[in-house]
Amino acid sequence: MANASPTSLYSGTNNQEEDAEPKFKYQRLANDMKNILNADVITCAAVHLKFLIFGTFRGRVYLVDHQGNLVNSNLRNSERNHQIAVNNVDVDARGECMATCSDDGKVNITGFFNCDNNINLIFGKFIKAVALDPDPRAGHRRFIVGHDKLVLYERNLLKNLRSTELCSVEGNVLSISWHGSLVAWASHIGVRVYHLKDKRSLGLIKWEVPSQGRLENYHCHLRWSNEFTLLIGWVDTIRICEISKRKSVETSANNYPGYVVDPVSTFQTTFYICGLAPLTAKQLVVLGYRKERSTSFKALRPVLCVIEYNVNKSEEVCTDSLTLRGFEEYTVNDYSLGSIIEENRFYIVAPKDIVVASLIENDDRLEWLIKHRALLFISFNLNSKFEEAIELLATHGGSVPVHSITRLYISHLLALKQYEDAAKLCLRMLGKNKVLWEEEIFKFVKCQQLRTVSAYLPTSDECQLDPHVYEMVLYEFLKFDVSGFLNLIKEWPSHLYDGLAVINAIHDNFRKQHADHLLESLALLYSYQGDFESALRMYLKTRMSFN
């Protein structure tokens, strides 16, 4: 997949602070897709674990891999094309064949790599929706077509087709979603669910008529999150429906269907819905088209939103605005959302663009946390972000070196003048790494805080820094804290630094008001050098200064 800078696609959140951690990273599909989209426009798409399939305005269907490269297949045969725009494309579970339909009245069942199961049907009417049997064991024997009726087609061993009308339709079938024994479809007034084994409709979920336009003017987005949970996104309303078995007494007494459709949660969005997919048990990923217009009356950027829901309540967890090619000219029905749930990948499809949104992983999170050091001076809560990054590495690991985050965190604490915390972090995270200690110590030099870090510097034989480091600390003490200087001379092993250099520094910076501390320091240093005569002389001067 061609890399794309996230900032070229993603323009931040609508409902969070600018430093809010992103949920997704984005990449634009490129390679052969560039040439295809220069000559044509996408009208529909299907996503499979193996590849992507999309239909175009010119009636063609393309098969590409997840990097946007064309896959050699039977789709290059012009006989499999439609005369006008492809309305819908569906792919079987095995990734061996697809079904397409169009307003040219045709439905094509096409094998990607052989022609044994190809079917061409001509209806002489607009066909908006077609669905293949999702059961991988079924092969290519069953599919459903929707027009003014919902019809199941089955092919026997002799490859003869038998059609069964499942249900009459209010208007026309606008979309179909098939999972197991349940088939959901949208008509001009709402959504129905049909149980294939029971051969019964489970009822109608009527939909609210939009304030602008007619219901059929908006694509209805149907998605099964599991065998018995149906997600519906239509106009600006999302409905979560659970299909449950009805009590046997109730079924037999009233001749009710054996299953009931229960809308467990219904909520509105601030935008028109262009697609939806499950993220977690209580979270959805929703592609949205903003209701507002720009000052020049153009369409605004589409949004990818994570919505957390409960019973008839919802909350936008994050909302990303996306810069897709040509977005200003598109309508709500020009977009669609595909997904590979197993890999947490979501495909945002526009007429001239396909962008892949991937859930942020550990390394992506760490990279973001590192990059946002630019906000250190204005953000009050970045302490927790750096702590979170360090904890994330410790718990889950990652390719980002832990010392990269540690060094940024130290810089952050020093910038906030939290010198003691920065020094403690050095002790906690740098350990016995001589190179890192010597690199980080210069940050304390710049803010004249070597005295703060002195108590945490390694002084053991296992980790001994360059003598120049200890000398810098002593010089700072000599300049600002003579009493502390004397304490270090007493506490530190004399082999850590060049004693003669420190003695010369004392003579160069001798101040009479601190004579007692400085003379005692000189006496100690001379004794460490084995110059006991000079040491005795300093002790005598010390006694004289007291007198």
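A nonpolar core is a set of buried Ala, Val, Leu, Ile, Met, Phe, Trp, Tyr and Cys residues joined through side-chain atoms within 4.5 Å. With that in hand, welcome to this structure, which is a predicted model. The largest nonpolar core here has 49 residues. Below, we visit the cores, then some strands, and finally a cavity.

**The nonpolar cores**

- In soluble globular proteins, nonpolar side chains tend to be buried together.
- Within the largest core, the residues with the most contacts are Phe444, Leu457, Trp492 and Tyr497.
- Helix α13, spanning residues 515–528, gives this core its largest share, 8 residues.
- A second core is separate and has 47 residues, among them Val193, Leu287, Leu322 and Ala357.

**A look at Tyr497**

- Leaving aside residues up to four places away in sequence, Tyr497 touches Pro467, Tyr470, Glu471, Leu474 and Ile489, and also Trp492, Val502, Leu525 and Tyr528.
- One of these partners, Trp492, is named with Tyr497 among the residues that have the most contacts inside the largest core.

**A four-stranded sheet**

- An open sheet is built from 4 strands, and if you walk across it you meet β14, β15, β16 and β17 in that order, with antiparallel pairing.
- At the edges sit β14 (175–179) and β17 (200–206), and each of them pairs on one side only.
- From one strand to the next, the twist averages 15°.
- Strand β16 (residues 190–195) is joined to β17 by 5 bridges, and the two run antiparallel.
- You can find Gly190 standing opposite Lys206 of β17.

- Strand β8 (residues 106–111) runs antiparallel to β9, and 4 bridges join them.

**The cavity**

- Rolling a probe the size of a water molecule over the atoms shows where empty space is left.
- How many cavities of 30 Å³ or more does a search of the whole structure find? The search finds 1.
- The largest cavity has a volume of about 40 Å³.
- Its lining is made by Ala45, Ala46, Val47, Leu52, Ile53, Phe54, Tyr347, Val349 and Ile354.
- Two or more lining residues come from each of the strands β3 (42–47), β4 (52–56) and β27 (345–350).

Note on methods
Residues are numbered from 1 along each chain as its sequence is written. This is a predicted model: local features need pLDDT of at least 70, side-chain atom pairs count only at pLDDT 80 or more; totals for chains, interfaces and linings use all residues. Side-chain values use heavy atoms; hydrogens and water are left out. Buried means under 20% relative accessible area, exposed over 50%, partly exposed in between (1.4 Å probe, protein chains only). Contact means heavy atoms within 4.5 Å. Two strands pair if DSSP finds at least two bridges between them. Axes are lines fitted to C-alpha atoms, for helices over the stretch in contact, and angles run from 0 to 180 degrees between N-to-C directions. On a 1 Å grid over the protein atoms alone, a cavity is a set of points where a 1.4 Å probe fits but cannot get out, and a pocket is an open set with protein on both sides within 12 Å along at least five of seven lines; lining residues have an atom within 4 Å of a point. Grid points are joined across faces, edges and corners, and a volume is the space filled by probe spheres set on the points.
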